[in-house]
Amino acid sequence: MRIFQKLPYPVGHHGLAWLILACSIQHTAQADIRFEDVSLPAGIHFTGPSAGSSWGDFDNDGWPDLWVSNHHGIQPSIYVNRHDGTFTNRAAEILVDEAASGFLGPNGKLLATTSAPDFHGAAWADFDNDGDQDLVVVTGGGAGRGISAKRLFVNQDGKLSNMAVKYGVDYPLGRGRTPLWLDINQDGKLDLLLMNHTRAEAPSAIFLQTPGGFSLANEALGFPRAKPTFLSQALNRIRGYAESLGYRKPGSIKSTDEFAQLADLTGDGRPELVAYLRPARIYTLGADGLQDAGDDISLPETGSVQDAILEDLNGDARPDWFLVRSKPWATDVVQTDATHLQGNLANKPGASSAISFISEGSITVEIHRPWMDPSDPARSERPKLYLGARQQDLTEDKLTVSPDDESITIAPPAAAGEGIFIQYDRDTRTWTLRSSIPSIGYIVASTANVSSIQAIGFTPSKGRMENRLLLNDGNTFAARKGPDAGNPAACSSVAAGDFDNDMDLDLYLVCSDPTQNQPNILLENDGRGNFTPVEQAGGAAGSDRGRGNQASVADYDRDGFLDLFVTNGAGPPPFADGPHQLFRNVGNTNHWIEIDLVGAASNRNGIGSLLTLEAGGKTQTRTQGGGMHSFSQNHSRIHFGLGPNDKIDRLLIRWPSGIVQELRDIQTNRIVAITEPAR
């Protein structure tokens, strides 16, 4: 066991405040959770679209660094930790990436390319067991119409060099969402799971590591295609009919986006793979490949899942499920002030929806189509625009229309077809904005006050739903009413951590309505799975700009308290212009320990290990799953809060190799590296 000496936090950067706080708070098993926004002083200045964040130690100095996938073809950020509470974005210096994105013609040939990828989820791990962290990043695949090669950035000589083609994991047709490193066949080498949005020719894919590269192994391992087959659709219809007659089978979890996690759901001392494939599938791992374990696990029917936590939340040493749920792209209209409104209009084929409002002034309308993936061949296509009877090209995203324009008062021709329509009725001073294309976001600014807003063809929705807490009762996950029962939220991300070091896991949720940000939610655990919202999320309620996107967790300043990183650039324009935010945990005097696993017979990161810690008469468990959840990665360093206990009685580690390691009487308040013993 190697011990990293904890470096003192500089007094000039919050250090004095910390010393005062430490002297004024007594040891307690439960304490307030408080964060402070340190984004700007820490060097976090980005504002714009985002698609998740991932913590890892790029330069192998023991301090967490941060990758952020800035969406829609914008260069990613790599915030390198400077050990003094600040970061430097070194993406332009570190990344070596020559992969192209583009789209295919009818003959399957690449017709056009762009060097700007649409980055999504990313995952750090030492896949080649050489002692440093490499990074896999998935890309969007041109909204299902184009190609975009995945990136495998190999860490060497102070650079991250893309070698995805060399290693055989570029998978350009995949509509990538979130990757997962795991050792499927328990050979000590990390394999790679790429979770992809539905596309018939490129489903979610497992790549087994072989000498010199990776090999696609879906068929060999029995990993299913993500796209529903005709048979599965027919079976679902039969099941629906049976349920209408009163027959009930165990339910399932249906997520909005595909991701995967590791957790010991069956209690056999080994983690299972949970692949959120619509619905989620559960597999045991082993030398014989994947074996379906879902038939023995009972789940309630749960849809519209955005993200999930699989951790022990009620202190019984079994992993529970917490699911955040919402409908983030719901059709909506919101008046933001006296002269502005905004929203989404989404339609099924052949349908249309509209809004109307009263205003005597001219209006300026911003119209945005979603998913401007740089590798999407449809990004240059613009819908028809009708200003009353007059058709014109939508050459820009913003246009101004006057009520004095005579043509704006005349109805468009009956044969106008699919498009966007703006019309004005002078008698009632009513503007109408109608769309029959699949989806647009809009912002309307008037030179006069706006009133009497009406939704036409839809019911305005904030996309809010109740989150779901599923407690593990052996082979059954039973739903318990969550803290938002009767007061649902629209949340896209959840991260778990013992933020107050009181020996239980708290929850942090990132939330947003379809067109505007909402306060994030911090839920404090009482140790028995009962959660209480913390006012203003303990200081981490977030930004009023953009749309809440993702959260990831790391102790970036190595003071023993978990900090939060939040992105606010979710979804398509025009609502995705939000900041990166770093929230530092102010902390208290509770004790802690953090553990880096170093595999020997197992993979270098120890991914797939199960940890059990006993202190003060209480047992805590953790799974080394690489820190993955939807689109994001928490730092994989394992953190335990210890309350008033200054000594750990027992730590048990079950390594993927089957080796069981036991350590006793471990001192606290330090970061330790524990190496897997020889057999």
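Predicted model: local features only at pLDDT ≥ 70, side-chain atom pairs only at ≥ 80, totals over all residues.
Strand 25 gives the largest share of the lining of the largest cavity, with four residues.

Where does strand 25 sit in the chain? It covers residues 302-311.

How big is the space itself? The volume of the largest cavity is about 490 Å³, and 28 residues line it. If you want to find its centre on your screens, look for E311, A496, T623, G627 and N634, which lie nearest to it. And what is the lining made of, by class? There are 11 nonpolar residues, 11 polar ones and six charged ones.

Now, let's move on to the second largest cavity, which holds about 90 Å³ of space. Its lining has 14 residues, and D312, G315, M503, D504 and Q620 are the closest to its centre. Which strand gives the most here? That is strand 50, with five residues. By class, the lining of the second largest cavity splits into three nonpolar, seven polar and four charged residues.

And for the overall tally, how many cavities of 30 Å³ or more turn up in the whole structure? The search finds three. Thanks, everyone, and do turn the model around while we chat!

Note on methods
Residues numbered from 1 in each chain as written. Heavy atoms only, no water. 1 Å grid on protein atoms, 1.4 Å probe; cavity = no way out; pocket = protein on both sides within 12 Å on 5 of 7 lines; lining within 4 Å. Points joined across faces, edges and corners; volume = space filled by probe spheres on them. Helix = DSSP H or I, 4+ residues; strand = E, 2+ residues; numbered from the N terminus. Nonpolar A, V, L, I, M, F, W, Y, C, P; charged D, E, K, R; others polar.
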